[in-house]
Amino acid sequence: MKIAVRMDDITPDMDWEKFRRLKELLDTYGIEPLIGVVPDSRDENLRKHPADKEKETYFWDQVKEWQKKGWIIALHGYQHVYTQKKGGCFPLNHFSEFAGLSFQRQREMLEAGNAILEAHGIETDIFMAPAHSYDRNTLRALEELGYTKITDGFGTVPYRKGGIIFYPISFRLDSSLKRKKGTTTMVLHTNTMNDSDFERCRRLFETEEMISYGEYLELPAVRRGLFGTVAEYILAHMKRLLVKLL
């Protein structure tokens, strides 16, 4: 099993010390990740330091530098604020920034987020849904705005539904590692990582077959039919229940 890395919740006021600690590990092992940039973060839970104009300028300069060195940038929602109690098409969580809102409202939010990235010289066609929650209106709005890829879903290979290609994450990383074939995504939130999390990353980066996210995007996508879609929905629902019980 090959593993690509995605980093969520990248903002000007994130925990930079932890971010740099993981970046150093990624650089050491030559791994170029996918990073989810929140265009206009208003989520107090993501605010680890006071933000100011100077830090914001530094942040956006860094995002452009990371993109130049091969890191892949994803639009990670708009403001990362959960106003909806919906799980949508992939119900790993029962809250969302997008799922449950009207098509028009979602399109406005996505368009505003995309405009912020573009204003800072960053272009992408990859979407990373906050809380993994999106619905059919999200997908329709993304397609209208030219987005062709989403990091989410379960599976061992990229798959296509409609005009969108999905790049799966792992249902459970330890189980995924036992498979000999396929590719999955290791999801990391640096803001909440502790010493044992960093040590686990170091061990996996050293012992497992890691690939850069750009390589993941080059893999061919298979068609995902109704049966696969229903199975994925049930698995996501089961995982949410299991996490609540543990």
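Biologist: Taking buried to mean under 20% relative accessible area, exposed over 50% and partly exposed in between (1.4 Å probe, protein chains only), is Phe 166 buried or exposed?

Modeller: Phe 166 is buried, its relative accessible area being 0%. This is a predicted model, in which local features need pLDDT of at least 70 and side-chain atom pairs count only at pLDDT 80 or more, while totals for chains, interfaces and linings use all residues. Residues are numbered from 1 along each chain as its sequence is written, and side-chain values use heavy atoms, with hydrogens and water left out.

Biologist: How many aromatic pairs turn up in the whole structure?

Modeller: The search finds 18, where rings of Phe, Tyr and Trp (its six-membered ring) pair if their centres lie within 6.5 Å, and planes under 30 degrees apart count as stacked, over 60 as edge-to-face and the rest as tilted. In one of them, the planes of Trp 16 and Phe 59 stand at 80° with the ring centres 6.3 Å apart, so this pair is edge-to-face.

Biologist: Which helices hold Trp 16 and Phe 59?

Modeller: Trp 16 is in helix 1 (residues 16–28) and Phe 59 in helix 2 (residues 53–68), 43 residues apart; helices (H or I, at least four residues) and strands (E, at least two) are DSSP runs, numbered from the N terminus. Trp 16 is buried at 11% relative accessible area, and Phe 59 is buried at 0%.

Biologist: Switching to charges, what lies over the face of Tyr 159?

Modeller: Arg 224 does, at 3.7 Å from the ring centre, given that NZ of Lys or CZ of Arg must be within 6 Å of the ring centre and within 35 degrees of the ring normal. Lys 161 lies over the face of Phe 166, 5.1 Å from the ring centre.
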